[in-house]
Amino acid sequence: MLKNQNKNLINAPNQVREYKSGNDSIRISSLGGFGDVTQNMFVYEFIPSGDVSKSQIIIVDCGVGFPEEDAFGVDLQIPDTQYLKDKKDRILGIFITHGHEDHIGAVRFILPILGQNIPIFAPKLATAFIEARLAEVNIRANIQNYDENSLPFSKGPFTVDPIRVTHSIPDTFHFAITTPIGIFYHGSDFKFDLFPLDGKGADYQKIARVGQTGKVIALMSDSLGSDHEGWSPSESSIAENFKNEIVSTKGRVFVTSISSNIIRWTQAIEYGKSVGRKIVIVGFSVDRAINIAKELEYLTLNETDIIPVERVKNFADNKLLFLVAGFAGQPDSALSKMIMGKHRIKIKSGDKVIFSSPDYIPGTTSNIFNMIDLLSKMGAEVVYGEKEELHVSGHGYQKEHSLLINLLKPKYLLPIGGNYRHLKSYQEMAKKLGFAEDKVILPDFDASATFNSNGSVDTNFHIPIRKVLIDGFGVGDVGTTVLRDRKTLAEDGMFSVVLLINKESGELNKPPVILSRGFVFMKENNELMEFLKVEATNKFNQATSSPANMDFIREEVQAYLEEIIYKKTGRQPMVLPLVIEV
Ligand SMILES: [Zn+2]
(Lines give C-alpha, C1' and ligand atoms only; values in the text may rest on other atoms or scores of the structure.)
Protein backbone atom coordinates (compact mmCIF):
# COMPACT_ATOMS: atom_id res chain seq x y z
CA MET A 1 0.00 0.00 0.00
CA LEU A 2 2.62 2.43 1.03
CA LYS A 3 4.54 1.79 -2.12
CA ASN A 4 1.58 2.57 -4.33
CA GLN A 5 0.95 5.89 -2.70
CA ASN A 6 4.29 7.04 -3.93
CA LYS A 7 4.18 5.35 -7.27
CA ASN A 8 4.70 8.40 -9.42
CA LEU A 9 6.53 10.52 -6.99
CA ILE A 10 9.31 11.55 -9.31
CA ASN A 11 7.10 11.70 -12.38
CA ALA A 12 4.63 14.05 -10.76
CA PRO A 13 6.55 16.88 -9.14
CA ASN A 14 3.45 18.36 -7.53
CA GLN A 15 3.08 15.35 -5.30
CA VAL A 16 6.35 15.97 -3.51
CA ARG A 17 5.23 16.71 -0.01
CA GLU A 18 5.64 20.24 1.19
CA TYR A 19 6.40 20.51 4.89
CA LYS A 20 5.90 23.93 6.32
CA SER A 21 7.18 23.30 9.81
CA GLY A 22 9.96 25.77 10.41
CA ASN A 23 12.86 23.84 11.81
CA ASP A 24 12.92 20.30 10.48
CA SER A 25 16.25 19.18 9.19
CA ILE A 26 18.09 16.41 7.39
CA ARG A 27 21.47 15.52 8.83
CA ILE A 28 23.87 13.55 6.63
CA SER A 29 26.78 11.78 8.31
CA SER A 30 29.51 9.54 6.92
CA LEU A 31 30.36 6.73 9.34
CA GLY A 32 33.50 5.94 7.35
CA GLY A 33 34.40 9.64 7.47
CA PHE A 34 34.15 12.29 4.76
CA GLY A 35 37.20 12.39 2.53
CA ASP A 36 37.56 8.62 2.43
CA VAL A 37 37.24 6.70 -0.82
CA THR A 38 36.29 3.39 0.77
CA GLN A 39 34.17 2.23 3.75
CA ASN A 40 31.09 3.95 2.38
CA MET A 41 28.28 4.20 4.89
CA PHE A 42 26.05 7.26 4.96
CA VAL A 43 23.37 8.10 7.48
CA TYR A 44 20.38 10.22 6.41
CA GLU A 45 18.62 11.40 9.52
CA PHE A 46 15.35 13.32 9.56
CA ILE A 47 15.17 15.49 12.68
CA PRO A 48 11.64 16.85 13.25
CA SER A 49 11.41 20.30 14.82
CA GLY A 50 14.96 20.10 16.10
CA ASP A 51 14.15 17.09 18.32
CA VAL A 52 17.06 14.70 17.79
CA SER A 53 15.51 12.10 20.11
CA LYS A 54 12.70 11.66 17.57
CA SER A 55 14.93 11.42 14.52
CA GLN A 56 14.39 8.74 11.89
CA ILE A 57 17.16 7.20 9.89
CA ILE A 58 17.98 5.45 6.65
CA ILE A 59 21.44 4.23 5.78
CA VAL A 60 23.02 4.16 2.33
CA ASP A 61 25.70 1.47 1.77
CA CYS A 62 27.73 -0.48 4.29
CA GLY A 63 31.24 -1.06 2.96
CA VAL A 64 34.70 -2.00 4.14
CA GLY A 65 37.92 -0.06 3.81
CA PHE A 66 41.42 -1.30 3.27
CA PRO A 67 43.66 -0.27 6.13
CA GLU A 68 46.78 1.71 5.46
CA GLU A 69 49.73 -0.40 4.60
CA ASP A 70 51.29 -0.03 8.04
CA ALA A 71 48.38 -1.89 9.65
CA PHE A 72 50.15 -5.21 9.43
CA GLY A 73 48.06 -8.29 9.02
CA VAL A 74 44.86 -6.36 9.67
CA ASP A 75 42.48 -7.44 7.01
CA LEU A 76 39.87 -4.74 6.88
CA GLN A 77 38.54 -1.58 8.36
CA ILE A 78 34.83 -0.93 8.82
CA PRO A 79 32.75 2.19 9.49
CA ASP A 80 32.26 3.13 13.12
CA THR A 81 28.62 2.66 14.13
CA GLN A 82 29.00 4.19 17.60
CA TYR A 83 26.83 7.14 16.57
CA LEU A 84 23.89 4.78 15.93
CA LYS A 85 24.20 2.98 19.26
CA ASP A 86 21.17 4.65 20.89
CA LYS A 87 19.25 5.04 17.61
CA LYS A 88 19.05 1.42 16.44
CA ASP A 89 15.27 1.23 16.74
CA ARG A 90 14.91 4.28 14.50
CA ILE A 91 16.80 2.80 11.53
CA LEU A 92 14.24 2.19 8.80
CA GLY A 93 16.42 0.47 6.24
CA ILE A 94 19.81 0.05 4.62
CA PHE A 95 19.87 0.91 0.91
CA ILE A 96 22.71 -0.54 -1.16
CA THR A 97 23.86 1.20 -4.36
CA HIS A 98 26.01 -1.57 -5.89
CA GLY A 99 28.00 -4.72 -5.16
CA HIS A 100 31.54 -3.39 -4.64
CA GLU A 101 33.16 -4.43 -1.36
CA ASP A 102 33.62 -0.84 -0.24
CA HIS A 103 29.83 -0.51 -0.40
CA ILE A 104 28.62 -3.92 0.86
CA GLY A 105 31.55 -5.63 2.58
CA ALA A 106 30.73 -4.46 6.11
CA VAL A 107 27.16 -5.79 6.15
CA ARG A 108 28.29 -9.04 7.75
CA PHE A 109 30.04 -7.21 10.58
CA ILE A 110 27.59 -4.39 11.13
CA LEU A 111 24.26 -6.19 10.84
CA PRO A 112 24.83 -8.12 14.09
CA ILE A 113 25.67 -4.80 15.80
CA LEU A 114 22.66 -2.85 14.51
CA GLY A 115 20.12 -5.67 14.44
CA GLN A 116 19.48 -8.39 11.92
CA ASN A 117 15.89 -7.34 11.29
CA ILE A 118 16.75 -4.04 9.67
CA PRO A 119 15.54 -4.40 6.08
CA ILE A 120 18.19 -4.18 3.39
CA PHE A 121 17.33 -3.06 -0.14
CA ALA A 122 19.83 -4.04 -2.80
CA PRO A 123 20.09 -4.68 -6.54
CA LYS A 124 20.20 -8.28 -7.73
CA LEU A 125 23.94 -8.70 -8.10
CA ALA A 126 24.81 -6.96 -4.82
CA THR A 127 22.20 -9.11 -3.07
CA ALA A 128 23.87 -12.28 -4.33
CA PHE A 129 27.28 -11.07 -3.10
CA ILE A 130 25.91 -10.04 0.29
CA GLU A 131 24.03 -13.30 0.77
CA ALA A 132 27.06 -15.40 -0.13
CA ARG A 133 29.10 -13.56 2.51
CA LEU A 134 26.38 -13.76 5.15
CA ALA A 135 26.00 -17.50 4.59
CA GLU A 136 29.68 -17.95 5.50
CA VAL A 137 29.06 -16.50 8.94
CA ASN A 138 25.59 -17.94 9.36
CA ILE A 139 23.74 -14.65 9.46
CA ARG A 140 20.27 -14.34 8.09
CA ALA A 141 19.22 -10.97 6.75
CA ASN A 142 16.05 -9.42 5.51
CA ILE A 143 17.09 -8.43 1.99
CA GLN A 144 14.72 -7.14 -0.62
CA ASN A 145 15.74 -6.89 -4.29
CA TYR A 146 15.11 -3.88 -6.45
CA ASP A 147 15.74 -3.01 -10.08
CA GLU A 148 15.02 -0.13 -12.46
CA ASN A 149 11.34 -1.04 -12.55
CA SER A 150 10.83 -1.10 -8.79
CA LEU A 151 8.48 1.39 -7.24
CA PRO A 152 10.08 3.89 -4.87
CA PHE A 153 10.44 2.62 -1.31
CA SER A 154 8.59 4.61 1.28
CA LYS A 155 10.16 4.45 4.74
CA GLY A 156 8.87 6.88 7.37
CA PRO A 157 9.68 10.40 6.19
CA PHE A 158 11.88 9.07 3.35
CA THR A 159 11.00 7.90 -0.13
CA VAL A 160 13.89 6.24 -1.89
CA ASP A 161 13.75 5.92 -5.67
CA PRO A 162 16.53 3.88 -7.32
CA ILE A 163 17.90 5.14 -10.65
CA ARG A 164 20.09 2.97 -12.88
CA VAL A 165 23.57 4.29 -13.71
CA THR A 166 26.75 2.71 -15.10
CA HIS A 167 29.93 1.81 -13.21
CA SER A 168 32.59 -0.92 -13.27
CA ILE A 169 30.10 -3.48 -11.97
CA PRO A 170 26.65 -4.19 -13.43
CA ASP A 171 23.54 -3.30 -11.47
CA THR A 172 24.64 0.05 -10.06
CA PHE A 173 22.12 2.62 -8.86
CA HIS A 174 21.75 6.12 -7.53
CA PHE A 175 18.98 7.14 -5.17
CA ALA A 176 16.64 10.11 -5.33
CA ILE A 177 15.73 10.43 -1.67
CA THR A 178 12.64 12.54 -1.12
CA THR A 179 12.32 13.95 2.38
CA PRO A 180 9.96 16.42 4.05
CA ILE A 181 12.39 19.25 3.30
CA GLY A 182 13.20 18.34 -0.31
CA ILE A 183 15.12 15.85 -2.43
CA PHE A 184 18.60 14.57 -1.73
CA TYR A 185 20.26 12.79 -4.63
CA HIS A 186 22.71 10.10 -3.53
CA GLY A 187 25.03 9.85 -6.53
CA SER A 188 27.61 7.36 -5.33
CA ASP A 189 30.10 5.59 -7.67
CA PHE A 190 29.11 6.15 -11.30
CA LYS A 191 30.18 7.00 -14.78
CA PHE A 192 28.03 7.71 -17.82
CA ASP A 193 29.15 4.91 -20.13
CA LEU A 194 27.40 5.41 -23.45
CA PHE A 195 28.54 1.99 -24.69
CA PRO A 196 28.23 -0.27 -21.64
CA LEU A 197 29.23 -3.88 -22.26
CA ASP A 198 26.04 -5.26 -20.75
CA GLY A 199 23.95 -2.91 -22.89
CA LYS A 200 22.29 -1.29 -19.89
CA GLY A 201 22.87 2.44 -19.87
CA ALA A 202 22.05 5.00 -17.21
CA ASP A 203 18.45 6.21 -16.93
CA TYR A 204 19.07 9.81 -18.03
CA GLN A 205 15.36 10.57 -18.37
CA LYS A 206 14.66 9.63 -14.79
CA ILE A 207 17.55 11.76 -13.54
CA ALA A 208 16.20 14.66 -15.59
CA ARG A 209 12.73 14.21 -14.10
CA VAL A 210 14.19 14.46 -10.60
CA GLY A 211 15.85 17.73 -11.63
CA GLN A 212 12.63 19.06 -13.14
CA THR A 213 10.92 18.99 -9.76
CA GLY A 214 13.17 21.91 -8.85
CA LYS A 215 13.38 20.44 -5.36
CA VAL A 216 16.85 18.93 -5.30
CA ILE A 217 18.54 20.36 -2.25
CA ALA A 218 21.82 18.53 -2.51
CA LEU A 219 23.72 16.18 -4.76
CA MET A 220 26.00 13.80 -2.87
CA SER A 221 28.33 12.93 -5.67
CA ASP A 222 31.13 10.47 -6.37
CA SER A 223 34.20 12.66 -6.90
CA LEU A 224 37.03 10.20 -7.57
CA GLY A 225 37.30 11.00 -11.28
CA SER A 226 36.73 14.74 -10.95
CA ASP A 227 40.43 15.55 -11.36
CA HIS A 228 40.21 14.30 -14.97
CA GLU A 229 38.94 16.56 -17.70
CA GLY A 230 36.61 15.37 -20.40
CA TRP A 231 34.62 12.16 -20.49
CA SER A 232 35.84 8.84 -19.06
CA PRO A 233 36.56 6.11 -21.64
CA SER A 234 33.89 3.49 -22.14
CA GLU A 235 34.31 -0.08 -20.91
CA SER A 236 34.00 -1.17 -24.52
CA SER A 237 37.08 0.89 -25.48
CA ILE A 238 39.40 -1.58 -23.76
CA ALA A 239 37.73 -4.69 -25.14
CA GLU A 240 39.95 -4.81 -28.23
CA ASN A 241 43.24 -4.51 -26.31
CA PHE A 242 42.14 -6.98 -23.69
CA LYS A 243 41.18 -9.47 -26.38
CA ASN A 244 44.51 -9.03 -28.21
CA GLU A 245 46.50 -9.64 -25.04
CA ILE A 246 44.71 -12.95 -24.54
CA VAL A 247 44.49 -14.30 -28.09
CA SER A 248 48.03 -13.32 -29.17
CA THR A 249 49.83 -15.10 -26.33
CA LYS A 250 51.79 -18.29 -26.94
CA GLY A 251 52.15 -19.48 -23.36
CA ARG A 252 49.86 -19.56 -20.37
CA VAL A 253 47.68 -16.52 -19.66
CA PHE A 254 46.73 -15.35 -16.19
CA VAL A 255 44.10 -12.65 -15.75
CA THR A 256 43.50 -10.92 -12.44
CA SER A 257 40.88 -8.30 -11.66
CA ILE A 258 38.52 -7.22 -8.89
CA SER A 259 36.62 -10.41 -8.04
CA SER A 260 33.26 -8.72 -8.46
CA ASN A 261 34.10 -7.53 -11.98
CA ILE A 262 32.00 -10.19 -13.65
CA ILE A 263 31.91 -8.33 -16.95
CA ARG A 264 35.72 -8.59 -17.17
CA TRP A 265 35.67 -12.31 -16.34
CA THR A 266 32.97 -12.82 -18.95
CA GLN A 267 35.12 -11.09 -21.57
CA ALA A 268 38.21 -13.08 -20.59
CA ILE A 269 36.31 -16.35 -20.83
CA GLU A 270 34.88 -15.48 -24.22
CA TYR A 271 38.28 -14.47 -25.67
CA GLY A 272 40.02 -17.48 -24.12
CA LYS A 273 37.47 -19.91 -25.48
CA SER A 274 37.69 -18.35 -28.94
CA VAL A 275 41.28 -19.60 -29.21
CA GLY A 276 40.59 -22.98 -27.62
CA ARG A 277 41.78 -22.26 -24.12
CA LYS A 278 40.29 -23.99 -21.09
CA ILE A 279 39.36 -21.89 -18.09
CA VAL A 280 41.08 -22.45 -14.74
CA ILE A 281 39.52 -20.58 -11.83
CA VAL A 282 42.02 -19.95 -9.05
CA GLY A 283 40.84 -18.46 -5.80
CA PHE A 284 37.69 -18.61 -3.75
CA SER A 285 36.44 -15.08 -4.41
CA VAL A 286 36.66 -15.40 -8.20
CA ASP A 287 35.02 -18.80 -8.07
CA ARG A 288 32.18 -17.37 -6.03
CA ALA A 289 31.74 -14.34 -8.31
CA ILE A 290 31.67 -16.49 -11.44
CA ASN A 291 29.13 -18.85 -9.92
CA ILE A 292 26.91 -15.93 -8.96
CA ALA A 293 27.25 -14.46 -12.45
CA LYS A 294 26.30 -17.84 -13.93
CA GLU A 295 23.25 -18.15 -11.69
CA LEU A 296 22.08 -14.64 -12.54
CA GLU A 297 22.71 -15.40 -16.23
CA TYR A 298 25.30 -12.72 -16.78
CA LEU A 299 27.49 -15.36 -18.35
CA THR A 300 27.27 -18.80 -19.88
CA LEU A 301 30.01 -21.21 -18.99
CA ASN A 302 29.77 -24.95 -19.60
CA GLU A 303 31.33 -27.45 -17.23
CA THR A 304 33.47 -28.68 -20.15
CA ASP A 305 35.03 -25.23 -20.52
CA ILE A 306 36.46 -25.36 -17.01
CA ILE A 307 39.24 -27.54 -15.72
CA PRO A 308 40.21 -27.88 -12.08
CA VAL A 309 43.64 -26.76 -10.90
CA GLU A 310 44.74 -30.37 -10.32
CA ARG A 311 44.40 -31.23 -14.01
CA VAL A 312 46.35 -28.29 -15.38
CA LYS A 313 49.43 -30.42 -16.09
CA ASN A 314 47.48 -32.47 -18.65
CA PHE A 315 47.08 -29.43 -20.91
CA ALA A 316 49.51 -27.57 -23.15
CA ASP A 317 50.42 -24.04 -22.03
CA ASN A 318 48.58 -22.42 -24.93
CA LYS A 319 45.38 -24.21 -23.95
CA LEU A 320 45.11 -22.57 -20.54
CA LEU A 321 43.58 -19.35 -19.27
CA PHE A 322 43.74 -18.74 -15.53
CA LEU A 323 41.33 -16.38 -13.79
CA VAL A 324 43.09 -15.47 -10.58
CA ALA A 325 41.94 -13.80 -7.36
CA GLY A 326 44.06 -11.26 -5.54
CA PHE A 327 44.90 -8.34 -7.86
CA ALA A 328 45.45 -6.14 -4.80
CA GLY A 329 48.07 -8.40 -3.26
CA GLN A 330 46.13 -9.56 -0.22
CA PRO A 331 48.63 -11.90 1.50
CA ASP A 332 46.45 -15.01 1.54
CA SER A 333 45.08 -14.56 -1.97
CA ALA A 334 45.79 -16.96 -4.82
CA LEU A 335 48.03 -14.56 -6.72
CA SER A 336 50.21 -13.73 -3.69
CA LYS A 337 50.62 -17.42 -2.93
CA MET A 338 51.66 -18.13 -6.52
CA ILE A 339 54.24 -15.36 -6.34
CA MET A 340 55.54 -16.66 -3.00
CA GLY A 341 55.77 -20.19 -4.39
CA LYS A 342 53.17 -21.37 -1.88
CA HIS A 343 50.60 -22.40 -4.46
CA ARG A 344 50.18 -25.55 -6.52
CA ILE A 345 50.44 -23.37 -9.64
CA LYS A 346 53.92 -21.91 -10.11
CA ILE A 347 54.64 -18.88 -12.25
CA LYS A 348 57.28 -19.60 -14.89
CA SER A 349 59.10 -17.77 -17.62
CA GLY A 350 56.88 -17.34 -20.69
CA ASP A 351 53.70 -16.84 -18.67
CA LYS A 352 51.70 -13.68 -19.25
CA VAL A 353 49.95 -12.00 -16.33
CA ILE A 354 47.29 -9.43 -17.15
CA PHE A 355 46.22 -7.00 -14.42
CA SER A 356 42.89 -5.71 -15.63
CA SER A 357 42.30 -3.72 -12.50
CA PRO A 358 42.73 -0.30 -10.95
CA ASP A 359 46.15 0.45 -9.52
CA TYR A 360 44.72 3.09 -7.23
CA ILE A 361 42.77 1.79 -4.30
CA PRO A 362 43.97 3.43 -1.10
CA GLY A 363 45.87 0.91 0.99
CA THR A 364 46.77 -1.45 -1.84
CA THR A 365 48.83 0.49 -4.38
CA SER A 366 52.34 -0.47 -3.29
CA ASN A 367 51.29 -4.13 -2.90
CA ILE A 368 50.22 -4.15 -6.51
CA PHE A 369 53.49 -2.71 -7.79
CA ASN A 370 55.48 -5.13 -5.60
CA MET A 371 53.69 -8.04 -7.21
CA ILE A 372 54.28 -6.67 -10.69
CA ASP A 373 58.00 -6.38 -9.89
CA LEU A 374 58.22 -9.90 -8.49
CA LEU A 375 56.32 -11.42 -11.41
CA SER A 376 58.62 -9.66 -13.86
CA LYS A 377 61.67 -11.00 -11.99
CA MET A 378 60.22 -14.50 -12.31
CA GLY A 379 60.27 -14.10 -16.08
CA ALA A 380 56.58 -13.49 -16.61
CA GLU A 381 55.38 -10.84 -19.02
CA VAL A 382 53.19 -8.49 -17.01
CA VAL A 383 50.73 -6.12 -18.62
CA TYR A 384 48.76 -3.82 -16.41
CA GLY A 385 46.59 -0.84 -15.84
CA GLU A 386 45.49 2.16 -17.76
CA LYS A 387 48.80 2.62 -19.58
CA GLU A 388 48.21 -0.58 -21.52
CA GLU A 389 44.51 0.29 -21.81
CA LEU A 390 43.45 -2.81 -19.96
CA HIS A 391 41.43 -1.01 -17.40
CA VAL A 392 39.16 2.00 -17.50
CA SER A 393 38.01 3.87 -14.47
CA GLY A 394 34.53 3.16 -13.21
CA HIS A 395 34.28 6.78 -12.10
CA GLY A 396 33.04 9.64 -14.26
CA TYR A 397 35.26 12.54 -15.32
CA GLN A 398 34.38 16.24 -15.32
CA LYS A 399 31.99 16.19 -18.28
CA GLU A 400 29.95 13.41 -16.72
CA HIS A 401 29.81 15.32 -13.44
CA SER A 402 28.79 18.45 -15.26
CA LEU A 403 25.98 16.55 -17.00
CA LEU A 404 24.68 15.09 -13.74
CA ILE A 405 24.77 18.51 -12.06
CA ASN A 406 22.99 20.14 -14.99
CA LEU A 407 20.27 17.51 -15.05
CA LEU A 408 19.63 17.74 -11.32
CA LYS A 409 20.12 21.47 -10.71
CA PRO A 410 20.85 20.97 -7.00
CA LYS A 411 21.23 23.87 -4.61
CA TYR A 412 24.22 22.31 -2.88
CA LEU A 413 26.93 19.87 -3.85
CA LEU A 414 28.47 17.46 -1.37
CA PRO A 415 31.29 15.47 -2.97
CA ILE A 416 31.91 12.01 -1.49
CA GLY A 417 33.95 8.93 -2.40
CA GLY A 418 37.21 10.78 -2.85
CA ASN A 419 40.25 11.87 -0.89
CA TYR A 420 40.59 15.54 -0.10
CA ARG A 421 42.31 16.33 -3.39
CA HIS A 422 39.38 14.84 -5.31
CA LEU A 423 36.90 16.82 -3.24
CA LYS A 424 38.93 19.95 -3.94
CA SER A 425 39.04 19.34 -7.69
CA TYR A 426 35.31 18.68 -7.62
CA GLN A 427 34.87 22.06 -5.97
CA GLU A 428 37.07 23.74 -8.60
CA MET A 429 35.04 22.14 -11.38
CA ALA A 430 31.77 23.20 -9.73
CA LYS A 431 33.03 26.78 -9.63
CA LYS A 432 33.23 26.75 -13.42
CA LEU A 433 29.60 25.67 -13.47
CA GLY A 434 28.67 28.72 -11.43
CA PHE A 435 28.57 27.22 -7.94
CA ALA A 436 29.83 29.63 -5.31
CA GLU A 437 32.40 28.13 -2.96
CA ASP A 438 29.89 27.94 -0.07
CA LYS A 439 27.52 25.87 -2.19
CA VAL A 440 30.05 23.06 -2.31
CA ILE A 441 30.08 21.50 1.13
CA LEU A 442 33.30 19.92 2.34
CA PRO A 443 32.66 18.70 5.89
CA ASP A 444 35.50 17.70 8.18
CA PHE A 445 36.22 13.97 8.37
CA ASP A 446 33.88 13.48 11.33
CA ALA A 447 31.44 16.36 10.72
CA SER A 448 27.85 16.01 9.56
CA ALA A 449 26.11 18.23 7.04
CA THR A 450 22.81 19.45 8.45
CA PHE A 451 20.31 20.85 5.94
CA ASN A 452 17.57 22.93 7.53
CA SER A 453 14.12 23.52 6.11
CA ASN A 454 14.80 27.27 6.01
CA GLY A 455 17.41 26.60 3.33
CA SER A 456 20.49 26.95 5.53
CA VAL A 457 23.14 24.32 5.99
CA ASP A 458 25.83 23.83 8.60
CA THR A 459 28.67 21.42 9.31
CA ASN A 460 29.11 22.13 13.02
CA PHE A 461 27.87 18.81 14.34
CA HIS A 462 30.53 16.13 14.85
CA ILE A 463 30.09 12.41 15.34
CA PRO A 464 32.48 10.00 17.08
CA ILE A 465 34.62 8.10 14.56
CA ARG A 466 37.31 5.65 15.61
CA LYS A 467 39.25 3.27 13.44
CA VAL A 468 37.52 -0.09 13.63
CA LEU A 469 39.88 -2.78 12.41
CA ILE A 470 38.89 -6.31 11.53
CA ASP A 471 41.38 -9.06 12.09
CA GLY A 472 40.05 -12.42 10.97
CA PHE A 473 36.64 -12.50 12.55
CA GLY A 474 37.15 -10.14 15.46
CA VAL A 475 35.69 -6.65 15.32
CA GLY A 476 37.77 -3.87 16.74
CA ASP A 477 40.09 -5.95 18.91
CA VAL A 478 43.38 -4.93 17.33
CA GLY A 479 45.15 -2.33 19.40
CA THR A 480 48.17 -0.21 18.60
CA THR A 481 50.57 -2.47 20.56
CA VAL A 482 49.59 -5.41 18.41
CA LEU A 483 50.07 -3.31 15.30
CA ARG A 484 53.53 -2.23 16.46
CA ASP A 485 54.55 -5.83 17.15
CA ARG A 486 53.34 -6.89 13.74
CA LYS A 487 55.26 -4.06 12.14
CA THR A 488 58.47 -5.27 13.80
CA LEU A 489 57.74 -8.84 12.73
CA ALA A 490 57.02 -7.84 9.18
CA GLU A 491 60.09 -5.69 8.75
CA ASP A 492 62.77 -7.44 10.77
CA GLY A 493 61.33 -10.80 11.68
CA MET A 494 61.42 -12.68 14.92
CA PHE A 495 64.26 -14.25 16.81
CA SER A 496 63.63 -16.64 19.64
CA VAL A 497 66.15 -18.27 21.96
CA VAL A 498 65.10 -21.19 24.12
CA LEU A 499 67.04 -21.71 27.33
CA LEU A 500 66.44 -25.03 29.08
CA ILE A 501 67.52 -24.81 32.70
CA ASN A 502 68.12 -27.71 35.02
CA LYS A 503 65.88 -27.11 38.00
CA GLU A 504 68.31 -28.63 40.51
CA SER A 505 71.61 -27.20 39.38
CA GLY A 506 70.27 -23.94 37.95
CA GLU A 507 72.54 -24.45 34.96
CA LEU A 508 71.79 -24.74 31.27
CA ASN A 509 70.65 -28.25 30.45
CA LYS A 510 72.00 -28.00 26.92
CA PRO A 511 73.16 -25.25 24.55
CA PRO A 512 70.45 -22.69 23.72
CA VAL A 513 68.13 -23.46 20.81
CA ILE A 514 67.61 -20.65 18.33
CA LEU A 515 64.50 -20.21 16.19
CA SER A 516 64.02 -17.40 13.73
CA ARG A 517 61.31 -16.33 11.34
CA GLY A 518 61.73 -13.69 8.67
CA PHE A 519 65.00 -12.50 10.21
CA VAL A 520 67.79 -14.29 8.38
CA PHE A 521 67.90 -17.59 6.60
CA MET A 522 69.41 -19.65 9.36
CA LYS A 523 71.23 -22.14 7.16
CA GLU A 524 73.13 -19.35 5.44
CA ASN A 525 74.03 -17.76 8.72
CA ASN A 526 75.38 -20.63 10.76
CA GLU A 527 78.27 -18.52 11.90
CA LEU A 528 76.00 -15.79 13.23
CA MET A 529 73.76 -18.32 14.96
CA GLU A 530 76.69 -20.05 16.63
CA PHE A 531 77.98 -16.71 17.80
CA LEU A 532 74.58 -15.79 19.25
CA LYS A 533 74.30 -19.14 21.04
CA VAL A 534 77.63 -18.56 22.72
CA GLU A 535 76.70 -15.00 23.62
CA ALA A 536 73.32 -16.10 25.01
CA THR A 537 75.05 -18.72 27.14
CA ASN A 538 77.58 -16.20 28.46
CA LYS A 539 74.88 -13.72 29.28
CA PHE A 540 72.86 -16.43 31.01
CA ASN A 541 75.81 -17.42 33.17
CA GLN A 542 76.48 -13.81 34.04
CA ALA A 543 72.84 -13.18 34.94
CA THR A 544 72.63 -16.25 37.18
CA SER A 545 75.84 -15.47 39.01
CA SER A 546 74.03 -12.78 40.92
CA PRO A 547 70.86 -13.63 42.87
CA ALA A 548 68.32 -13.81 40.08
CA ASN A 549 64.88 -14.90 39.11
CA MET A 550 63.63 -16.13 35.76
CA ASP A 551 62.12 -12.80 34.74
CA PHE A 552 65.38 -11.06 35.38
CA ILE A 553 67.30 -13.62 33.31
CA ARG A 554 64.83 -13.28 30.47
CA GLU A 555 65.07 -9.50 30.42
CA GLU A 556 68.86 -9.51 30.63
CA VAL A 557 69.22 -12.00 27.79
CA GLN A 558 66.65 -10.16 25.68
CA ALA A 559 68.28 -6.75 26.06
CA TYR A 560 71.74 -8.13 25.41
CA LEU A 561 70.74 -10.09 22.31
CA GLU A 562 68.86 -7.13 20.86
CA GLU A 563 71.96 -5.06 21.26
CA ILE A 564 74.42 -7.49 19.67
CA ILE A 565 72.04 -8.46 16.84
CA TYR A 566 71.66 -4.80 15.99
CA LYS A 567 75.44 -4.28 16.10
CA LYS A 568 76.08 -7.32 13.89
CA THR A 569 73.27 -6.94 11.38
CA GLY A 570 71.81 -3.46 11.66
CA ARG A 571 68.39 -5.02 12.17
CA GLN A 572 65.97 -5.07 15.05
CA PRO A 573 63.98 -8.28 15.04
CA MET A 574 61.61 -9.08 17.86
CA VAL A 575 63.71 -11.03 20.38
CA LEU A 576 61.79 -13.49 22.52
CA PRO A 577 63.84 -15.50 25.04
CA LEU A 578 62.03 -18.50 26.49
CA VAL A 579 63.40 -19.67 29.80
CA ILE A 580 62.12 -23.11 30.71
CA GLU A 581 62.95 -25.08 33.81
CA VAL A 582 63.24 -28.83 33.29
ZN1 LIG B 1 32.10 1.04 -6.84
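Modeller: Two strands count as paired if DSSP finds at least two bridges between them. The model discussed here is predicted.

Biologist: Which strands stand at the edges of the open sheet of 5 strands, each with a single partner strand?

Modeller: The open sheet has 5 strands in the order β14-β15-β13-β16-β17, and their pairing is parallel. A strand at the edge has a single partner, so one of its sides is left without a neighbour in the sheet. The edge strands are β14 (278–282) and β17 (381–384).

Biologist: Over how many bridges do β13 and β15 pair?

Modeller: Strand β13 covers residues 253–256 and strand β15 covers residues 320–324. Val 253 has Leu 321 of β15 opposite. The two strands pair in the parallel sense, and the number of bridges is 4.

Biologist: What angle does the direction of α7 make with that of β15?

Modeller: Helix α7 packs on the sheet and touches β13, β14 and β15. Its direction relative to that of β15 is given by an angle of about 170 degrees.

Biologist: How are α6 and α7 oriented to each other?

Modeller: Helix α6 (residues 239–247) and helix α7 (residues 262–274) pack with their axes 9 Å apart, at an angle of about 45 degrees. Angles under 35 degrees would count as roughly parallel, and 65 to 115 as roughly perpendicular. The two helices, α6 and α7, are therefore oblique.

Biologist: How many charged residues does the contact of α6 with α7 have?

Modeller: On the α6 side the contact is made by Ala 239, Phe 242, Lys 243, Ile 246 and Val 247. Helix α7 contributes Gln 267, Ala 268, Tyr 271, Gly 272 and Ser 274. By class, 6 residues are nonpolar and 3 polar, and the number of charged residues is 1.

How values were computed. Residues numbered from 1 in each chain as written. Predicted model: local features only at pLDDT ≥ 70, side-chain atom pairs only at ≥ 80, totals over all residues. Axes fitted to C-alpha atoms, helices over the stretch in contact; angles between N-to-C directions. Parallel < 35°, antiparallel > 145°, perpendicular 65-115°, else oblique. Contact = placed C-beta atoms within 7 Å. Nonpolar A, V, L, I, M, F, W, Y, C, P; charged D, E, K, R; others polar.
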